[in-house]
Amino acid sequence: MQQRTSGGVTFFLTRRQVKNLNLRVRMDGSVAVSAPMRTPLREVDGFVAAHAGWVVQAQQRMAARREADAALPVPDRIEALAGMRALVERWWPAFAPRCPGPMPAVRVREMRTRWGSCSLRTRTLCFALKLWAMPQPAREYVAVHELCHLLHPDHSPAFWAEVARCLPDYQARRALLRAPR
Ligand SMILES: [Zn+2]
């Protein structure tokens with residue numbers, strides 16, 4: 001990984017087996033660029049400079065989101081864990097026939113960039129503590145999202161079809177997580 005600056009944008013460049021240049025602003029505001037092995041540096045720099053305005057806007061959005069997240073009340077850990085476990089228990093019967101074995105373990109911890117995660121290896125669903133500060137329909141959406149990962153580990157169309165089958169209004173629920181708060 002190489003740190004460079006172009007058009008006023010400082011970014012971290014990685015070379016990958018990819019076809020196109022790709023630019024991403026991370027949650028912490030840092031900029032990651034991946035480039036095909038043979039793309040000349042001046043082309044990379046030109047690409048970043050051409051997207052400088054977009055980068056600044058994305059960084060402002062991320063900063064606003066970090067601020068909003070920091071302002072959220074920190075929920076009680078025991079209450080959050082009990083509540084998320086109850087949600088998973090309620091939905092588990094819909095998944096159990098296709099997921100042999102016991103219900104996954106449920107954990108709650110501080111997570112900075114995601115609302116939840118699903119580990120197939122440890123059979124654990126993990127939820128962000130601050131999810132418990134979100135409206136109930138949004139919490140339920142995240143619980144179902146992570147349960148669906150037991151069937152589809154990716155975000156493929158089949159995964160989203162499964163989420164939609166469980167929660168036909170999942171897009172409205174997901175929007176609650178993104179709305180200014
Ligand atoms: Zn997911």
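**Reading the fold**

Modeller: The chain holds 6 helices and 7 strands, where helices (H or I, at least four residues) and strands (E, at least two) are DSSP runs numbered from the N terminus. This is a predicted model: local features need pLDDT of at least 70, side-chain atom pairs count only at pLDDT 80 or more, and totals for chains, interfaces and linings use all residues. Residues are numbered from 1 along each chain as its sequence is written.

Colleague: In what order do the elements of the chain run from the N terminus on?

Modeller: The order is β-β-β-β-α-α-α-β-β-β-α-α-α.

Colleague: Into which domains is the chain divided?

Modeller: Domain bounds come from an automatic or database domain assignment. Here domain 1 covers 2–71 and domain 2 covers 77–178; their C-alpha centres lie 30 Å apart.

Colleague: How is a sheet read, and in what order do the 4 strands of the open sheet stand?

Modeller: Two strands pair if DSSP finds at least two bridges between them. In this open sheet the order is E1-E2-E4-E3, with mixed pairing. Strand E1 (2–6) and strand E3 (22–25) are at the edges with a single partner strand each, so one side of each has no neighbour in the sheet. From one strand to the next the twist averages 30°; axes are lines fitted to C-alpha atoms, for helices over the stretch in contact, and angles run from 0 to 180 degrees between N-to-C directions. E1 pairs with strand E2 (residues 9–16) in the antiparallel sense over 5 bridges, and Gln 2 stands opposite Leu 13 in E2.

Colleague: Which strands does helix H1 touch where it packs on the sheet?

Modeller: Contact requires that the C-beta atoms of two residues, placed from the backbone, lie within 7 Å. Helix H1 (residues 41–50) touches E1, E2, E3 and strand E4 (31–36), and its direction makes about 55° with that of E1. Helix H2 (residues 52–71) also packs on the sheet, touching E2, E3 and E4, with its direction at about 30° to that of E3.

Colleague: How do helices H4 and H6 pack?

Modeller: Two packed helices are described by the angle between their axes and the distance between the axes. For helix H4 (residues 136–148) and helix H6 (residues 170–178), the angle is about 110° and the axes are 8 Å apart. H4 is therefore roughly perpendicular to H6, a class that spans 65 to 115 degrees (under 35 is roughly parallel, over 145 roughly antiparallel, the rest oblique). Pro 137, Ala 138, Glu 140 and Tyr 141 in H4 meet residues of H6 including Tyr 170 and Arg 173.
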